[in-house]
Amino acid sequence: MIRVALKGLAGRKFRAALTALAIVLGVAMVSGTFVLTDTIDKAFDSIFVESYANTDAAISGKAPDISFEGDTAETPAVSATLLERVRELDGVEAATGTVIDETATKILKPNGKAINTNGAPSFGFGLDPAQSQFNPLKLVDGTWPSAADEVVIDAGTADEQKYGVGDTVRIGTLKPVRPFRVTGIAQYGSVSSLGSATFAVFTIPTAQELLEREGQFDAISVAAADGVTPEQLVSTIEPILPSTAQVRTGLEQAEDDASEISEFTSFIRYFLLAFGGVALFVGAFVIFNTMSITVAQRTRELATLRTIGASRGQIRRAVLLEALVIGVVASVIGFALGIGLAYGLDWLFGVLNLDLPTTDMIIATRTVVVAFLIGIVITVLAAFVPSMRATRIPPILAVREGAELPKGRFSRFSPYVAGALIVISLLLLARSMFTDELDIGDRLLTMALGVLLLFIGVAMISPKLVRPLAAVVGVPGEKLAGVSGFLARRNTLRNPGRTASTAAALMIGLALVTFVSVLANGMKESNRGAIEDQISADFVVTSQDGYTPFVAGAGEAASGVAGVELATSVRSELGKVAGTDKYVTGIEPDKIRSVYNFDWAEGSDDTLATLGSDGAILDKGFAEDEKLAVGDRFELLSGSGRAANLTVKGLYKPPPFYPLLGSVSISKERFDTLYDRPRNQFTFINVPGDPDAAREKPLAAALASFPDAKVLTRESWIQKQDKEFNQFLIMLYVLLALSVIISIFGMINTLALAVFERTRELGMLRAVGMTRWQARVMIGSESVITALIGAALGLPLGMFLAAMVTRALEQYEVRYAVPLAPLLIFALIAVLVGLVAAIMPARRAARLNVLQALQYE
Amino acid sequence: MKSEPAGNGAGPVVTAHEISRRYGEGDTAVDALAGLSLDIEPGKLTAVMGPSGSGKSTLMHILAALDSPTSGYVTIAGTRLGQLSDKDVTKIRRQHIGFIFQFFNLLPMLTAEENIVLPLSLAGEKPDNAFLGDLIKRVGLADRLTHRPSELSGGQQQRVAIARALVSRPTVVFADEPTGNLDSKTGGEILELLQESVENYGQSMVMVTHEARAAAAAARILFLADGRIVKDLGGAGEEEILNTIHEVTLA
């Protein structure tokens, strides 16, 4: 029996290969994800381990424990005098102080524009090269800087921008742009690429000046004398530290730093795995479908096996064995492809300017095990129903021509099962979206399960929908392709179940792209609405990436431009407000009303004048959560560790989708006393007349010394954000394209099997006057109709899911706006998918030898 | 109105000139047809008989432009087949050839009527309603038009197939063992129907069969053995046919 199964498989190599491909891509995606994220993790790990290789104890400022939506409060500095006191301690072999800043240092490209790190750090360091044992950086060329106008830059930047030792580079910091001479090129330990991150190394005094750390260090690294353990060292240092500083062993510090990053890589991992999961799910559909058809076509062969004594169990095992072999082969290929895909994904992130640091590829045992397990298990599971169907073939079919397979005992229940699945899926979706107490992981899992069941339910019910849908989507084909289109539509109705499950595979991909497209469109509209509602300024200055705060000096420079009617900056930092971590903004009460429209709940624009140094205006929603009313007092703890007692002066309702100000706004003057190195989130500018190019030019010129800042009109600001949304969308599309491609394999398979099955019929058609072209058009139309059924199911499903999520995000006022153009494009893509899938089967149908086809059994 | 089947006048509708057909090469080569010449006369039912391996199927495939001879040539309605492209052959099939198969070969997803008019649909022509109505009445399917093949008996399916072969009023209809898959009673009815069609429409028809009873319905009976015509009878009774087969087989 095993031989029969394997021989049978060998006889249908091409089909088996096509079937295997369906699961290969999913396996590749999953293993590629693991390889990529493991590699990134390893790269970061080595960065941190190497950073603290010779550091037994690390001293840093102690930031208040404030974090909001992934941002944490900036760590304060420690006094430089501390270094001398540490050096004098017993048990200290050596110590060095460093200046480290992650955002302010911007290296300019030769064309004068700042390198955009897209959220990755742009480090500025001040190091003591004499204390080389603490230095995580390694020179690849040149020497360390020794003068105020000297710098060492990272190898990645030097490479990309073609900077070499001796060249002049312009670098912006908290101070305006200055030229520096490159004395060396360095890399971070053994890590050759830092991804999009950059660094510039200055002498310590220079760094202290540029990064506003005069008389201060961000970190002090300490090495223990012989015989002193790191723990002993830590307890020696602790007593001399001020309350604003802390000391930890180097190992603790490295682990702490690494754990932050591994949260980030595990986000990437789950994000990509989700797409791998979708690909596997679609692949399972394809395998289920192909195996079902194969079993149906082998009815006579399987019935013959029964007549010569094969048991039902043997038949079932033979089919499952076939699936097992396909699964194993697919896993092997998928795994190999996954390693290639890891490079591909790395490249994809690179194209989107989200480069991630990497070292040599890490292939963990876990990756191998998972890849093989899912590849094999999913294939065999998908083959289970077809294998049960095979056991129902009675021996009599060995001798009777063209009999239909008897229906299963439970098949009459399938509409009810489908209905029940849809109901359950809707309940799950509702639970995930409309119950408040779920945590995010639970919520996402419930949602994924709901969507999964919804797809299965719709796929099960879709055979009933094939007839009406084919009647609609088949019309254009009949108009265009005449009798071939007519025959094609009838062909799709011959076996609605088969058509439906072929279409369902495509439906999944199309539903998901529709979902993200509709949802993103709604978000873009909400975003635009939120900005337009709040802002009436002509121009806005933001950082290059749009969300990191920028150097305050840039705002002042822009304000000083001749012809500016009004300019006002908005500071922003994290703070603990009445015990809750939130963003705090500093505003200029006399000016902000000209550029920002407050939707007052309590108070008016005149309230702003009463703000004073201890007044605050609050987001109404936040105030309600904290039970704060106008006149109440509350405490604000700044990220720099200073506290203030404030009074609520007014409440306003910002658009929840994109509130531009923090939950708490105080006067800019007070803000600057509470925070070290205060930075701007925005600087808004009004000019007399229209905000045209002539007005923009001098503003841009004034910002030339502040490479991190840029000026935009309100409209181009919105458009820039749209563009960023679109970029993210494109990445989602690329990842979802994988599942669409898999469904193409399914369609090719179904069509090829159909052509094979209808050989004699095609011979007859040709004999009674069908041309080759008509045969081709017939198969092509059948394919397009199937694909359009997939679109007709998928597009509304995607729109429905988007509507549901929009409803769940009601509190953020996400709009529901169906974008017509993308949906039309998706429908066109479905047509294209149909045409592509039909190429090979249609050619086969057209090339059939009429005589042989007629004699074919 | 379409003209009467071509060649209804004097000349033959199909001719074969010294056709031979060789399968395989070298030592294993088999000559299915060995220099056979033949005229099919218009308006008649011609039966082709012979033991298996005599070349009767090959002959029909070549006459019907499904296969080409190794040497010699065939003309249909005066057009010489041979160097024609697939497109031109398809055109000839549409205009001049009708097929009736042993296993009916209907499209399962089409109704009886849709199956009948299929050759016209493929050619992009509209059926002549008067003729179609008459044809459907004659084949006895008036009340079965909306049925699918799976809802029809074997005899009814073959009637649909006959109507399909006649609907484009081709020069010649080829029937390959048209009763081979039917019980004798139904087979008899189908033979009557074929005869009637020849008489009523002056339809030229070539039927390959191994049943003496079927051949007896023909106006001319060709006996094949070893790729040659060994006997050409102008109609015969069942008994005479059986004797002739015996003779031919022993020869």
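The model is predicted. Chain A gives 18 residues to the contact between the chains, and chain B gives 22. In chain A, H12(A) and H13(A) run roughly antiparallel to each other. In chain B, H5(B) is roughly parallel to H6(B).

**Contact between chains A and B**

- The contact takes 18 residues from chain A and 22 residues from chain B.
- On the chain A side, the elements that give two or more residues are helices H13 (440-494), H20 (759-767), H21 (772-808) and H23 (850-855).
- H13(A) gives the most to this side, with 6 residues.
- The chain A side divides into 8 nonpolar, 5 polar and 5 charged residues.

**Helices H12 and H13 of chain A**

- The axes of H12(A) (residues 414-434) and H13(A) come within 8 Å and cross at roughly 155°.
- Angles over 145 degrees count as roughly antiparallel, so H12(A) and H13(A) are roughly antiparallel to each other.
- Their crossing is left-handed.
- Residues of H12(A) in the contact include A:Val417, A:Leu421, A:Ile424 and A:Leu428.
- Among those they meet from H13(A) are A:Met447, A:Leu453, A:Leu454 and A:Ile461.
- The residues of this contact divide into 16 nonpolar, 6 polar and 2 charged.

**Helices H5 and H6 of chain B**

- The axes of H5(B) (residues 154-166) and H6(B) (residues 184-201) come within 10 Å and cross at roughly 20°.
- Angles under 35 degrees count as roughly parallel, so H5(B) is roughly parallel to H6(B).
- H5(B) passes H6(B) in a right-handed crossing.
- H5(B) brings B:Gly154, B:Gly155, B:Gln158, B:Arg159, B:Ile162 and B:Leu166 to the contact.
- H6(B) meets them with residues including B:Glu189, B:Ile190, B:Leu193 and B:Tyr201.
- The residues of this contact divide into 6 nonpolar, 5 polar and 2 charged.

- In H6(A) (residues 230-237), the buried residues are A:Leu233, A:Val234 and A:Ile237.
- Seen down the axis of H6(A), these residues fall within an arc of 100°, so they line one face of the helix.
- Their cover includes strand E1 (57-61), helix H3 (81-87), strand E14 (219-224) and strand E15 (245-249) of chain A.
- In H11(A) (residues 384-391), A:Pro386, A:Ser387, A:Arg389 and A:Ala390 are buried.
- The buried residues of H11(A) fall within an arc of 155° seen down its axis, so they too line one face of the helix.

Conventions
Residues are numbered from 1 along each chain as its sequence is written. Chains are lettered from A and ligands numbered from 1 in the order in which they are written. This is a predicted model: local features need pLDDT of at least 70, side-chain atom pairs count only at pLDDT 80 or more; totals for chains, interfaces and linings use all residues. A residue is buried if 20 or more other C-beta atoms lie within 10 Å of its own, exposed if 12 or fewer, and partly exposed in between; C-beta atoms are placed from the backbone. Helices (H or I, at least four residues) and strands (E, at least two) are DSSP runs, numbered from the N terminus. The arc is that of the directions from the helix axis to the C-beta atoms. Two residues are in contact if their C-beta atoms, placed from the backbone, lie within 7 Å. Axes are lines fitted to C-alpha atoms, for helices over the stretch in contact, and angles run from 0 to 180 degrees between N-to-C directions. Angles under 35 degrees count as roughly parallel, over 145 as roughly antiparallel, 65 to 115 as roughly perpendicular and the rest as oblique. A crossing is left-handed if the near helix is turned anticlockwise from the far one by less than a right angle, and right-handed if clockwise. Ala, Val, Leu, Ile, Met, Phe, Trp, Tyr, Cys and Pro count as nonpolar, Asp, Glu, Lys and Arg as charged, and the others, Gly among them, as polar.
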